[in-house]
Amino acid sequence: MTGTISWIDTIIIIAYLIGILVVGVLSVKLKKMTSDGYFLAARGLKWPVIGAALFASNISTIHLVGLAAAGYNEGLVWGNFEWLAAVTLILLGLVFAPFYFKSRISTLPEFLEKRYGSGSRTVLAFIGLLGALFVHIGMSLYAGAVVFHAFFGIDVLTSIVIISIVTTIYTVLGGLKAVVITETIQSVILIAGSIALTIIAILALPDKGIQTLADFKALLKPGQLSMLHTKESLSALGEGGFESGLTWYACLLGYPVLGLWYWCSDQTIVQRVLGAKTKNDAQLGPIFAGFLKILPVFVLVLPGVIAFVLFKDIIGTDANQAFPVMINQLLPVGLKGIMAATLLAALMSTIAAALNSSATLVAIDIVKRLNPSTTDKMQIKVGRISAVVVMLLAMLWSTQGDRFSSIFEAINKIAAAIAPPVAVVLLFGVFSKRGTKEAGFATLISGLIIGIVLFCIDFEPISGYMYLTKGLHLPFMMQAWWLFVICTVIYFTVSYLTPKPDPEVIEKYTWDNPIAVLTKGLFMGVRDPRLWAGILILTLVTLYILFS
């Protein structure tokens, strides 16, 4: 199913591509570039830019397509990934950002080295590259290419190549500053485009004879408008709902594990916080992003639910077509081009973020460590070359996207395999005074190996059957939780079998106690991140009560 594109929409798309390329390249002074300026925007980012960039680097075409597809199939329950992200963003702002800023680190692996030693730094750098390659870039490219083929008729490979070239140019040339400036612009376009499509979809409901909420609910699957599901309600949604396993307890136990890796330790995401101008900016930026994460439930998941009512006869069982079908059926000429720009904004911001973080990991965590005398100029050169290499590898991986049944679930299954060991060493690294460097390294290595093995066992194209999800009825969220439990056992077992860590390290990189996160430091009034974190929590509790 492919669509056609008018000359007006074509002009809008081309103008956007050229505009974002020009803005990205001109946003920095290339001749005066230093490694600190290239990788961390000279540590001059303010909290609104950090928050917007965190949001934009997270929301990719995977979200636009995948969350609409999830809303079409299972309803609002997938919105838990957005609202619970706000909770882990609070953890980033209140728990981890103070240590990151005080340490003046350039990468997250560098923080693990300070807490656990060089071995842990190497493993986390490797995990960061895996995440950038397989999750952030590869799947995003595939999702974007599929959508453009669906409603514009553009060949999948052509889409991948064009988007890759444009994004690589301004990311490789401009570094983090170019990335966050373009991400801020793209956040505005992304939110505005999604809101416009949602409003138009809601206005289209009366055309189907739907005048009240009761009329709307009558046409939905059971529980499609609820954020909290039981096993029974997910089973009522069909095979996809049951296999996703998004029960309330799976979200409560499994999501924080994924969130701790993704939002608090993944270089692609956290690099914006490392470039903060002040500690307050480093803390307020993630909390601002947490408020922004409330929006996707209403402008990305809900449209998928509406698509089920309006176009289920057209979409059928191919839920990934929900978003492009809505665009083709609802948007007039001109707006379709703007929505295409929205898709490009989502896609390019995520890819740019991942490319820049990959360049940082290779240049700082690998090359600079192997050769400490590496100059700033050489670091930037290595970073640019590695970004191009990662993009080429990701383009190859993106052609395998059709092997997964669901794009959004695919990235989370990959995350469930690599997140638990990182979550364990990060969480207990700042809260446990007994955690040793041997425990950190052993947990990362063993957890990563176990996670990859479990992923292969549960990946049907490799194993021939989903032995965990279908065989043991253990969906990926609970897989993440139980792997977290295993890694926790490994961590504390090794910790108590090895000498206590250096007291100086413990004093510098751990909290005195969990309550100190909230009590340490003077209250700064409306500028205090603890105040806004509290407001965000109250907002989330209210929303969950309304949509339970």
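Here are some friendly notes on this predicted model, point by point.

1. First, the ground rules. Residues are numbered from 1 along each chain as its sequence is written, and side-chain values use heavy atoms, without hydrogens and water. As the model is predicted, local features need pLDDT of at least 70 and side-chain atom pairs count only at pLDDT 80 or more, while totals for chains, interfaces and linings use all residues.

2. Do have a look at helix α6, residues 108–116 (helices are DSSP runs of H or I, at least four residues, numbered from the N terminus). Seven of its nine residues are buried, so the helix is largely enclosed by the rest of the structure. Buried means under 20% relative accessible area, exposed over 50%, and partly exposed in between (1.4 Å probe, protein chains only). The buried residues are Leu108, Pro109, Glu110, Phe111, Leu112, Arg115 and Tyr116.

3. Both ends of α6 deserve a glance. Thr107 caps the N-terminal end, with a side-chain oxygen 3.2 Å from the backbone nitrogen of Glu110. Such a polar contact is a pair of N or O atoms within 3.5 Å; within protein, one must be able to donate a hydrogen and the other to accept it, and residues adjacent in sequence count only if both atoms are side-chain atoms. Just after the helix, Gly117 takes a positive phi of about 120°.

4. Arg104, in the loop between α5 (80–103) and α6, has a positive phi of about 55° although it is not a glycine. His473, in the loop between α22 (467–471) and α23 (476–497), also has a positive phi of about 55° without being a glycine. Most residues other than glycine have a negative phi. Arg104 is partly exposed at 41% relative accessible area, and His473 is partly exposed at 49%.

5. Now for the charges on the surface. Asp502, Glu504, Glu507 and Asp512 gather in a negative patch, and Lys102, Lys114, Lys279, Lys508 and Lys520 gather in a positive one. Patches are made of residues with over 30% relative accessible area and no salt bridge, with like charges joined within 9 Å and nonpolar side chains (Val, Leu, Ile, Met, Phe, Trp, Tyr) within 5 Å. A salt bridge here is a side-chain nitrogen of Lys or Arg within 4 Å of a carboxyl oxygen of Asp or Glu.

6. Helix α24 (residues 503–509) holds Glu507 and also Lys508. Glu507 counts as exposed at 67% relative accessibility, whereas Lys508 is partly exposed at 39%. A polar atom of the Thr510 side chain lies 2.5 Å from the backbone oxygen of Ile506.

7. There is a nonpolar surface patch too, formed by Phe441, Ile445, Ile449, Val453, Ile457, Tyr465 and Tyr467, with about 600 Å² of accessible area together. Helix α20 (residues 437–458) gives the most to this patch, with five residues. Val453 lies in α20 and counts as partly exposed at 43% relative accessibility.

8. Finally, Thr10 sits in helix α1 (residues 7–26) and is partly exposed at 28%. The Thr10 side chain reaches the backbone oxygen of Ser6 at 2.8 Å. Thr10 and Ile338 are 328 residues apart in sequence and 9.9 Å apart in space, C-alpha to C-alpha.

Key:
Accessible areas come from the Shrake-Rupley method with a 1.4 Å probe; for residues, only the protein chains shown count as cover. Lys and Arg count as positive and Asp and Glu as negative; His and the chain ends are not counted. The place of a charge is taken as NZ of Lys, CZ of Arg, CG of Asp or CD of Glu. Helices (H or I, at least four residues) and strands (E, at least two) are DSSP runs, numbered from the N terminus.
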